[in-house]
Amino acid sequence: LAAAGLSRVNISLDSVDPDVYAHISHRDRLADVLTSIDAAIEAGLQPIKVNAVAMRGVNEESLRGLLRYCLTKGAQLRIIEHMPLGPRNTWNKKTMVPAEEILEILGEEFELSQTSSDPHAPAKLWSGAAGEDHPAGTVGFIASGSKPFCADCDRTRITADGQIRNCLF
């Protein structure tokens, strides 16, 4: 794909804990995702953005390990608040972990400070200082539930079935 002109990738990864990953994805394929991230790095695809949906009672406690992994790999973790998407309305606001709470969880281990971000981008970026077991890097928060950004978003998306959308909803 890189030889064909692909320059960067977004990869979905909600946890690097094998049990949590298998619970969320209903598959024991964490090793395949991690191998794919290594292949993207080797192919020179930059930046690699790792998208994780934070879900209360499911993976919020494993976000620290996921951020450490991403910083070590030089990837940008983008944590997304759980939001109501899809044809079946199974979303429950109780499962949403607000970005501010995620910052508190990550702040227990990482020194984070807000950076300037593109006002039209869905993610608000924070810098993470280097630690004993990881280099410095950035983490993005997509607070679609607690701080909706629809009015400022300038993104166009293509759905899995080929439809063009200006909104995730």
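A salt bridge is a side-chain nitrogen of Lys or Arg within 4 Å of a carboxyl oxygen of Asp or Glu. The structure on screen is a predicted model, and a search of the whole of it finds 8 salt bridges. The tour visits some of these, then an aromatic pair, then a lysine.

**Stop 1: arginine 56 and glutamate 101**

Select arginine 56 in the loop between E2 and helix H3 (63-73), then glutamate 101 in helix H4 (residues 99-107). Their side chains meet in a salt bridge, 2.8 Å from N to O. The pair ties together parts that are 45 residues apart in sequence. Arginine 56 is partly exposed at 33% relative accessibility, and glutamate 101 is partly exposed at 27%.

**Stop 2: arginine 68 and aspartate 133**

Go next to arginine 68 and aspartate 133, whose side chains form a salt bridge of 3.1 Å, N to O. Arginine 68 belongs to helix H3 and aspartate 133 to the loop between E5 and E6, so this pair joins parts 65 residues apart in sequence. Arginine 68 has a relative accessible area of 24% and is partly exposed; aspartate 133, at 43%, is also classed as partly exposed.

**Stop 3: arginine 64 and its network**

Select Glu61, Arg64 and Glu108 together: a network of salt bridges links them. Within it, the closest N and O atoms of arginine 64 and glutamate 61 are 3.1 Å apart. Is arginine 64 buried or exposed? Arginine 64 counts as buried, at 17% relative accessibility, because the cut-off for buried is under 20%. Glutamate 61 is exposed, at 53%.

**Stop 4: tryptophan 126 and phenylalanine 141**

Tryptophan 126 and phenylalanine 141 form an edge-to-face pair, 6.3 Å centre to centre with 90° between the planes. Tryptophan 126 is in strand E5 (residues 124-128) and phenylalanine 141 in strand E6 (residues 137-142), so the pair ties together parts 15 residues apart in sequence. Tryptophan 126 is buried at 18% relative accessibility, and phenylalanine 141 is buried at 4%.

**Stop 5: lysine 49**

Finish in strand E2 (residues 48-54), where lysine 49 is found.

How values were computed. Residues are numbered from 1 along each chain as its sequence is written. This is a predicted model: local features need pLDDT of at least 70, side-chain atom pairs count only at pLDDT 80 or more; totals for chains, interfaces and linings use all residues. Side-chain values use heavy atoms; hydrogens and water are left out. Helices (H or I, at least four residues) and strands (E, at least two) are DSSP runs, numbered from the N terminus. Rings of Phe, Tyr and Trp (its six-membered ring) pair if their centres lie within 6.5 Å; planes under 30 degrees apart count as stacked, over 60 as edge-to-face and the rest as tilted. Buried means under 20% relative accessible area, exposed over 50%, partly exposed in between (1.4 Å probe, protein chains only).
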